[in-house]
Amino acid sequence: LQDIIPQPLLDQYLSMTDPARAQTVDTEIAKHCAYSLPGVALTLGRQNWHCLKDTYETLASDVQWKVRRTLAFSIHELAVILGDQLTAADLVPIFNGFLKDLDEVRIGVLKHLYDFLKLLHADKRREYLYQLQEFVVTDNSRNWRFRYELAEQLILILELYNPNDVYDYLRHIALTLCSDKVSEVRWISFKLVVAILQKFYTNNANALGLNFINELVVRFRHSSKWVGRQAFAFICQVGMFSLCFCVYIPFG
């Protein structure tokens, strides 16, 4: 029970997840419920989250992927409303489920991946380093916009991790995306590479930066394929002229 809104109105809203209503009233009723849930949660406040928790979990496991997709797109907004403790306890398990869902659902969490991860504690956030590379693989390899979105999010996510974690985990993803078959994905990935180098040097991780540059030279500058050598030129063009030319003479 709560005293923020009339209880009969809340009960009516909570009943929207009843499968019987989807069959007799509106097949899209669960999706409408999912769409408005963050607004209801904001109105009730985090102190009354217990009123919505079961309904949210029911919607998160709905057989219709459109319902789960709707929740995936708004889970970061709900995390802001609930705060870090409730997010860690109630939203993180659902977030993890969305990560393994259909691409139509995964894109929802991917588009706001940075917004969600920044709300987690550092130790919890670090657990996702192992899972970020799973976004490179999609149900449909032609879905290049998925990989494009991943590169864009990684540029933002860099600030959430230390240079060593970036080098050990995110570097590999960036290099993979730089060799993507779609030019749009490669181009945004070049920006990601530059952002990684800036991360290293602004945090005085010069050794990591030099190792990464060396890897770029070996992998792209000396590539046997013209598209690889072109990638190296584009990386320079994006914004790392001075860094590239510093190693061009010793490594070129």
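Helices here (H or I, at least four residues) and strands (E, at least two) are DSSP runs, numbered from the N terminus. With that in hand, α11 is followed by Asn204, whose phi is positive, near 60°. We will come back to that residue after a look at the whole chain.

**How to read the values**

This is a predicted model, in which local features need pLDDT of at least 70 and side-chain atom pairs count only at pLDDT 80 or more, while totals for chains, interfaces and linings use all residues. Residues are numbered from 1 along each chain as its sequence is written, and side-chain values use heavy atoms, with hydrogens and water left out.

**The chain as a whole**

The chain has 14 helices and 0 strands. Its C-alpha atoms fill a box of roughly 75 × 35 × 25 Å, taken along the principal axes. The domain assignment gives domain 1 (1-119) and domain 2 (159-251); such bounds come from an automatic or database domain assignment. The C-alpha centres of domain 1 and domain 2 are 39 Å apart.

If you like to start with surfaces, the chain exposes about 12,900 Å², and carbon and sulfur atoms supply 54% of that area. Accessible areas come from the Shrake-Rupley method with a 1.4 Å probe, and for residues only the protein chains shown count as cover. Of the 252 residues, 47% count as buried. Buried means under 20% relative accessible area, exposed means over 50%, and partly exposed is in between (1.4 Å probe, protein chains only).

For contacts (heavy atoms within 4.5 Å), residues 24 or more positions apart account for 68% of those with a separation of 6 or more. As for charge, the mean positions of the 26 positive and 27 negative charges are 11 Å apart. Lys and Arg count as positive and Asp and Glu as negative, with His and the chain ends not counted. Each charge is placed at NZ of Lys, CZ of Arg, CG of Asp or CD of Glu.

**Helix α9 and its surroundings**

Helix α9 covers residues 144-157. Its 14 residues reach 20 Å from first C-alpha to last, close to the 20 Å expected at 1.5 Å a residue. The expected span of a helix is 1.5 Å times one less than its number of residues.

The buried residues of α9 are Phe146, Arg147, Glu149, Leu150, Ala151, Gln153, Leu154 and Ile157. What covers them includes α6 (103-111), α7 (113-117), α10 (163-178) and α11 (183-202).

Glu152 also lies in α9, but this residue is partly exposed, with a relative accessible area of 32%.

Leaving aside neighbours within four places in sequence, Asp180 is in contact with Arg147, Val185 and Arg186. Asp180 counts as buried because its relative accessible area is 10%.

**Helix α11 and the residue after it**

α11 has 20 residues and reaches 29 Å from its first C-alpha to its last, close to the 28 Å expected at 1.5 Å a residue. Back, then, to Asn204, which lies in the loop between α11 and α12 (206-221). Its phi near 60° is a positive value in a residue other than glycine. For context, most residues other than glycine have a negative phi. Asn204 counts as exposed because its relative accessibility is 64%.

**Residues in α1 and α5**

Pro8 lies in helix α1 (residues 7-14) and counts as exposed, at 60% relative accessibility. Helix α5 (residues 65-99) holds Pro93, which is partly exposed with a relative accessible area of 49%. Asn96 also has its place in α5; at 25% relative accessibility, Asn96 counts as partly exposed.

**Some C-alpha distances**

| Pair | Separation in sequence | C-alpha to C-alpha distance |
|---|---|---|
| Glu152 and Val67 | 85 residues | 25 Å |
| Pro8 and Val63 | 55 residues | 27 Å |
| Pro93 and Arg147 | 54 residues | 24 Å |
| Asn96 and Arg106 | 10 residues | 10.0 Å |
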